Amino acid sequence: MFRYREHQVAELVTFLSDTVVKAADHLILAGDFNVDPRDNEDTLKSVGVALTNTLTDAEAVNPSFVTLGNKANTYTEHGQAGKIYDYIWFRPGGGTSLESYTLMDLRTKKEELSLSDHMGQSAKFTLTKQYESN
């Protein structure tokens, strides 16, 4: 059932380690992975080998951090189970450090409707250039 997602993530991690990681000073990856940390699959573990989640382990199981089915979201149906489906990953060290992470309740101005059925995310990083000495 989850094999296609695990296969896609394996390809992503291989791509990151083979090409991007070697050439990039900083690496930040964000997106909808459609997998919750409480699901029984290896997708997030595979990404976690190469990158660090902006959410701590405690936050990843905290209902206030769910991105789909969040009670603050106007698209969430009564009784809908909340899931964390959206992530911001980064490669720590090498001049990249996480300053803060925020879950955002983005809404239209007039109707006060959520912009998406997924909550927005924001992360602030400090990026510094690492210079090699000759």
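1. D36 is buried, with a relative accessible area of 2%. This is a predicted model, and the remarks here and below should be read with that in mind. The side chain of D36 meets that of R38 in a salt bridge, with 2.6 Å from N to O. R38 has a relative accessible area of 46% and is therefore partly exposed.

2. The search of the whole structure gives five salt bridges. One of them is formed by the side chains of E41 and R5, at 3.0 Å from N to O. E41 sits in the loop between β1 and α2 and R5 in helix α1, so that distant parts of the chain, 36 residues apart, are linked by this pair. Both E41 and R5 are buried.

3. D25 and K129 make a further salt bridge, in which the closest N and O atoms are 2.7 Å apart. D25 belongs to the loop between α1 and β1, while K129 lies in the segment after β5 (120–127); the pair therefore ties together parts that are 104 residues apart in sequence. D25 has a relative accessible area of 40% and is partly exposed. K129, at 43% relative accessibility, also counts as partly exposed.

4. Is β3 enclosed or open to the outside? Five of the five residues of β3 are buried, so the strand is largely enclosed by the rest of the structure. In a regular strand the side chains alternate between the two faces of the sheet. For β3, both faces are covered: D86, I88 and F90 are buried on one side, and Y87 and W89 are buried on the other.

5. The largest nonpolar core has 21 residues, of which F33, V47, L51, I84, Y87, W89 and Y101 touch the most other members. Two or more residues of this core come from each of α1 (3–23), α2 (43–50), β3 and β4 (96–104). β3 supplies the largest share, four residues. F33, Y87 and W89 also form one aromatic cluster, and the whole structure contains five aromatic pairs.

6. Y101 is among the core residues that touch the most other members. Which residues does Y101 contact when its neighbours within four places in sequence are left aside? They are T54, L55, F65, I88, Q121, S122 and A123. Of these, I88 is one of the buried residues of β3.

7. T76 is placed in the loop between β2 and β3. A polar atom of its side chain lies 2.7 Å from the backbone oxygen of N70. Apart from neighbours within four places in sequence, T76 is in contact with G69 and N70.

8. N34 is not a glycine, yet has a positive phi of about 55 degrees. N34 is in the loop between β1 and α2 and counts as partly exposed, at 36% relative accessibility. E112, likewise not a glycine, has a positive phi of about 60 degrees. E112 is found in the loop between β4 and β5, and its 45% relative accessibility makes this residue partly exposed.

Conventions:
Residues numbered from 1 in each chain as written. Predicted model: local features only at pLDDT ≥ 70, side-chain atom pairs only at ≥ 80, totals over all residues. Heavy atoms only, no water. Phe/Tyr/Trp six-rings, centres within 6.5 Å; stacked < 30°, edge-to-face > 60°. Core = buried A, V, L, I, M, F, W, Y, C linked by side-chain atoms within 4.5 Å. Buried < 20%, exposed > 50% of the residue type's maximum accessible area, 1.4 Å probe, protein only. Contact = heavy atoms within 4.5 Å. Salt bridge = Lys/Arg side-chain N within 4 Å of Asp/Glu carboxyl O. Polar contact = N/O pair within 3.5 Å; in protein donor to acceptor, adjacent residues only side chain to side chain.
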